[in-house]
Amino acid sequence: MLLVLSEEHKEHLSFLPRVDSAVVGEFGRIALEFLRRGSSPKIYEGAARKLCVPVETVQRGVEGLMYLMTESSKHMISKVDFLDSVLVLGFGEELNQILLQLYLQHHSEIRSILSQLPSNLPGYHNLEWRLDVQLASRAIRQQVVPVLTMRLLLTGGGDGTGELSRRVLQTDPGTLLHLISTLEGALAAIKTNHARRIFRNIK
Amino acid sequence: MRFRFCGDLDCPDWVLAEISTLAKISSVKMKLLCAQVLKDLLGEGIDYDKVAKLTADAKFESGDIKASVAVLSFIFSSAAKHDVDSESLSSELQQLGLPKEHTTGLCKSYEDKHSVLQGKLRETSLRLGRLEGVSWRVDYTLSSSELREVNEPLIQLKLQTQGAESGSTETTVVSVSADKFRVLLAELKQAQTRMNALQ
């Protein structure tokens, strides 16, 4: 499929042919660092001073390049489609090749960064448990009450940071058996014909 | 195939795969590697440089080094968890394909550190709201804004616990009158008698 670039995007990228190829390579590196770690205005100011252009032009050029890379990686477009999309911008052959090389080298890394973005559900990290027997309490002696205490550790979740959140749970053996049978039922659902048919059709 | 050291379950596939990686280093180096892994499990930290030197002869890549440390950690902690004696561990590991000299070295290290390892695992078992410290103070109230002559003893208790959900230290300060404190003490002594009866 072909990428359709907006007019504003094309205008931002029109800065690129005005500089030479070494600088374009440098911009590519800055764009990728932006994806990995975020940008800093000092880098743009330094580049703008060296090229004698205003800071916004440099910033828009780098961001336009980064957007081009992420859109191409997102749709996993082939070499030919990428070249055709870039042709629309009317750049020279050399610049097209540089952009293509940049895309090919980094598209898998960009895809892995993009895949980490939507993480809003808590995920399982660890489950610690202990089995206790309550023998007596202040109110009543000579008891035998088995209790399972669990601490569930979850990653991410609400706050979205790498922090682990903890939940403390307690259950009696009857509920525990029910829990186990429900989860085993869920696992068994993967082996049904319906699920197998869907798995076969997803590559 | 059920293995006792895996808790009477099948051995995980990755353990089977990495046992063949372990077989590539010599049995002497294997024993030293076991010592390092045991140090790590007992919380003394692992010296990765030493591990890298031990595996350098067999030309392990970083992935192989991590895998061998992981499989040894799994074998030791799982065997200690299910309280497997070293002869059973030895025969089960040989069934999985670990050569005899490596198995003997591994089981000797396991046997030496068996009880220490179980003690460490017992310590790290789940405990909620662990009591970390108690401090107390006895005051004598002379008078207050409500009554001119109060003349009563009062106990201030500071309990430092590890929060059940948060895991960080929480401080609770309570002030207890003499009568209430006597009740508290009596109940705690009864609980202590029960605990001693169990030991």
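Colleague: How many residue pairs are in polar contact between chain A and chain B?

Modeller: This is a predicted model, and side-chain atom pairs count only at pLDDT 80 or more. Between chain A and chain B, three residue pairs are in polar contact, with both residues at that level of pLDDT. On the side of chain A that touches chain B, strands S1 (123–134), S2 (145–155) and S3 (164–171) each supply at least two residues. That side holds seven charged, five nonpolar and two polar residues.

Colleague: Which side chains meet in a salt bridge?

Modeller: A salt bridge requires a side-chain nitrogen of Lys or Arg within 4 Å of a carboxyl oxygen of Asp or Glu. Here A:Arg138 and B:Glu187 meet in this way, at 3.3 Å from N to O. The count between the two chains is one salt bridge.

Colleague: How much area do chain A and chain B bury between them?

Modeller: They bury about 1100 Å², with 51% of it on carbon and sulfur atoms. In this interface, 14 residues of chain A are in contact with twelve of chain B.

Colleague: How should I read the pockets?

Modeller: Rolling a probe the size of a water molecule over the atoms shows where empty space is left. The largest pocket has a volume of about 970 Å³. Its lining comprises 26 residues, and among those nearest its centre are A:Trp129 and B:Lys81.

Colleague: What gives the most to the lining of the second largest pocket?

Modeller: Helix H7 (178–198) of chain B does, with ten residues. That pocket holds about 450 Å³ of space, and A:Ala136 and B:Arg194 are among the residues nearest its centre.

Methods
Residues are numbered from 1 along each chain as its sequence is written. Chains are lettered from A and ligands numbered from 1 in the order in which they are written. This is a predicted model: local features need pLDDT of at least 70, side-chain atom pairs count only at pLDDT 80 or more; totals for chains, interfaces and linings use all residues. Side-chain values use heavy atoms; hydrogens and water are left out. Contact means heavy atoms within 4.5 Å. Buried area is the accessible area (1.4 Å probe) that two parts lose on being put together, summed over both. A polar contact is a pair of N or O atoms within 3.5 Å; within protein, one must be able to donate a hydrogen and the other to accept it, and residues adjacent in sequence count only if both atoms are side-chain atoms. Helices (H or I, at least four residues) and strands (E, at least two) are DSSP runs, numbered from the N terminus. Ala, Val, Leu, Ile, Met, Phe, Trp, Tyr, Cys and Pro count as nonpolar, Asp, Glu, Lys and Arg as charged, and the others, Gly among them, as polar. On a 1 Å grid over the protein atoms alone, a cavity is a set of points where a 1.4 Å probe fits but cannot get out, and a pocket is an open set with protein on both sides within 12 Å along at least five of seven lines; lining residues have an atom within 4 Å of a point. Grid points are joined across faces, edges and corners, and a volume is the space filled by probe spheres set on the points.
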